[in-house]
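Please keep the sequence and the model in view while reading.

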Amino acid sequence: MKYPYAEVQMKSDGTVNSAAELAKAVDMVKASGATDVLLLTHGWNNDMNAARGLYTALDTSLKAVEPASMASSGRKLAIVGILWPSIKWADESNVAGGGAGLADASGELIAEITARIEDPAVRDQLVALVPQLDTSAAARSSYLELLRGLLPAPMPVDEDPPPSALRKDDAETVFTLAQGSGNLGGLSGAPAGGGAMGIGEPGNVDGAGGLGGAQGISVGSILSTAHELLNTTTYYTMKERAGAVGKVGINQTLQAIHAAVPNATLHLAGHSFGARAVTSAAHATSAPLHSVSLLQGAFSHYGIATNYDGQGNNGVFQGVPGKLSGPMIITHTRNDKAVGIAYALASRLAHQTASGLGDQNDPYGGMGSNGAQKTPEALPDTDLLDTTGTYHFTAKKVSNLHADKYVSGHSDVTNPQVAHAVYTAITS
């Protein structure tokens with residue numbers, strides 16, 4: 001690492017894993033003489049080495065674009081990496097089963113279940129059902145019920161709840177509604193692929209309870225849909241966990257650093273589900289924060305919204321920009337298929353009819369696809385700039401940075417252009 005660095009690990013309930021590790025991170029900040037502390041939070045992969053790779057790459061880019069004003073003003077940056085047990089989530093538009101033979105598609109789905117389901121009993125039951133999914137309505141029903149058991153409990157206020165179909169509809173309807181979502185690589189209003197139903201159309205399920213000839217759905221397609229339902233369940237599970245990690249563990253880390261080094265300026269940056277974690281931390285903490293950078297955030301574009309539904313309901317993190325002494329920045333691009341497709345499937349299950357699946361007009365739209373929507377603090381969208389570009393970020397305001405030119409996909413967030421935007425937010 002180019003900058004002074006320490007790590008703090010979190011448990012699945014959001015609490016700090018080790019008080020000694022937190023103390024070591026605080027000691028690092030004190031010893032480094034840092035004037036600015038950036039807490040980085042990863043997202044979709046529970047592999048610690050992958051998270052460290054993300055942090056190392058972003059650290060390198062930050063050093064490469066460090067503004068001259070840092071040295072000339074005597075400012076020093078230190079980085080604290082947050083490590084939390086997230087679950088792997090699809091990073092690409094291709095899913096298990098698309099065009100694959102039965103054995104390959106089944107094997108891919110079993111591998112995904114094995115990698116993602118933490119409860120061994122549920123994992124074994126799901127794996128046992130895979131060979132029957134293409135022929136048995138009972139197996140599909142059991143598969144869906146097991147996934148439903150993993151969904152978080154409903155929240156009293158939630159701008160991004162699981163679609164009611166995912167919780168309540170019969171399995172054949174859910175499989176039919178979800179059918180074809182994995183082929184929505186372009187995220188247009190019309191789904192690709194034959195046999196997939198259009199958005200907003202009622203489930204055309206045959207009376208015998210099968211998905212077969214009446215729909216023209218292939219075996220690979222059924223397994224692909226089962227994969228997408230697994231992916232969507234993972235999304236909502238990680239949404240809840242990321243919020244807890246931010247509210248509890250990252251908040252505690254911020255408080256500890258501020259108590260020990262009260263003159264250090266604090267900053268947050270999160271990728272994917274980590275963007276929700278740092279937004280949750282910013283919402284919960286009483287420690288003073290300067291900047292928050294959301295890099296391809298995997299949560300609702302109404303997360304910090306005001307009156308997003310026209311009925312007076314606000315995003316659960318509404319008001320976060322107003323707590324900052326500096327800006328909030330958000331990279332977003334429709335190149336981000338991971339965020340876009342998760343919401344495309346949610347839109348199918350909710351019978352939404354937006355102009356484009358998961359776009360800014362879709363109630364199921366993601367921060368990483370569209371930036372913050374219906375957010376009074378949001379300035380007019382601007383582009384993510386090259387490293388020589390000049391930003392005009394504003395304190396307590398949100399800058400949605402349209403990143404098509406420099407962000408090719410969900411995990412492309414460590415390049416110099418992204419680092420330049422983050423560093424500008426830090427020094428604004």
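H267 is found in strand 4, where helices (H or I, at least four residues) and strands (E, at least two) are DSSP runs numbered from the N terminus. This is a predicted model, in which local features need pLDDT of at least 70 and side-chain atom pairs count only at pLDDT 80 or more, while totals for chains, interfaces and linings use all residues. Residues are numbered from 1 along each chain as its sequence is written, and side-chain values use heavy atoms, with hydrogens and water left out.

The relative accessible area of H267 is 0%, and the residue is therefore buried; buried means under 20% relative accessible area, exposed over 50%, and partly exposed in between, with a 1.4 Å probe and protein chains only. Once its neighbours within four places in sequence are left aside, H267 is in contact with D36, V37, L38, L39, H290, S291 and I426, contact meaning heavy atoms within 4.5 Å. H267 and A425 are 158 residues apart in sequence, yet their C-alpha atoms are 8.9 Å apart in space.

Eight strands form an open sheet with parallel pairing, in the order 1-3-2-4-5-6-8-7, and two strands are taken to pair if DSSP finds at least two bridges between them. Strand 1 (5–9) and strand 7 (382–383) stand at the edges with a single partner strand each, so one side of each has no neighbour in the sheet. In general, strands of a sheet pair through backbone hydrogen bonds, either parallel or antiparallel. Some of the pairings are set out below.

| Strand pair | Bridges | Residues opposite each other |
|---|---|---|
| Strand 1 and strand 3 | five bridges | V8 and I82 |
| Strand 5 and strand 6 | four bridges | L294 and I330 |
| Strand 6 and strand 8 | five bridges | M328 and V398 |

Strand 3 (residues 77–83) is largely enclosed by the rest of the structure, because seven of its seven residues are buried. L77, I79, G81 and L83 point one way from this strand, A78, V80 and I82 point the other way, and all are buried.

Strand 6 (residues 328–332) is likewise mostly covered, with five of its five residues buried. Both of its faces are covered, with M328, I330 and H332 on one side and I329 and T331 on the other.

Helix 1 (residues 19–32) lies across strand 1, strand 2 and strand 3, and runs at about 160 degrees to strand 1. Helix 10 lies across strand 2, strand 4 and strand 5, and runs at about 150 degrees to strand 4. For these angles, axes are lines fitted to C-alpha atoms, for helices over the stretch in contact, and the angles run from 0 to 180 degrees between N-to-C directions.

On a 1 Å grid over the protein atoms alone, a cavity is a set of points where a 1.4 Å probe fits but cannot get out, whereas a pocket is an open set with protein on both sides within 12 Å along at least five of seven lines, and lining residues have an atom within 4 Å of a point. Grid points are joined across faces, edges and corners, and a volume is the space filled by probe spheres set on the points.

How many cavities of 30 Å³ or more does the structure hold? The structure holds one, and the largest cavity has a volume of about 50 Å³. Its lining consists of L40, T41, L54, Y55, L58, A269, G270, H271, L295 and V413, and strand 2 (36–41), helix 2 (48–64) and strand 4 (265–271) each supply at least two of the lining residues. This lining divides into seven nonpolar, three polar and no charged residues, where Ala, Val, Leu, Ile, Met, Phe, Trp, Tyr, Cys and Pro count as nonpolar, Asp, Glu, Lys and Arg as charged, and the others, Gly among them, as polar.

The largest pocket contains about 380 Å³ of space. Of the 19 residues that line this pocket, M155, G243, R276, V316 and F317 are the closest to its centre. Helix 9 (219–260) and helix 10 (273–284) each supply at least two residues of the pocket lining, and the largest share, six residues, comes from helix 9. The lining of the largest pocket divides into 10 nonpolar, three polar and six charged residues.
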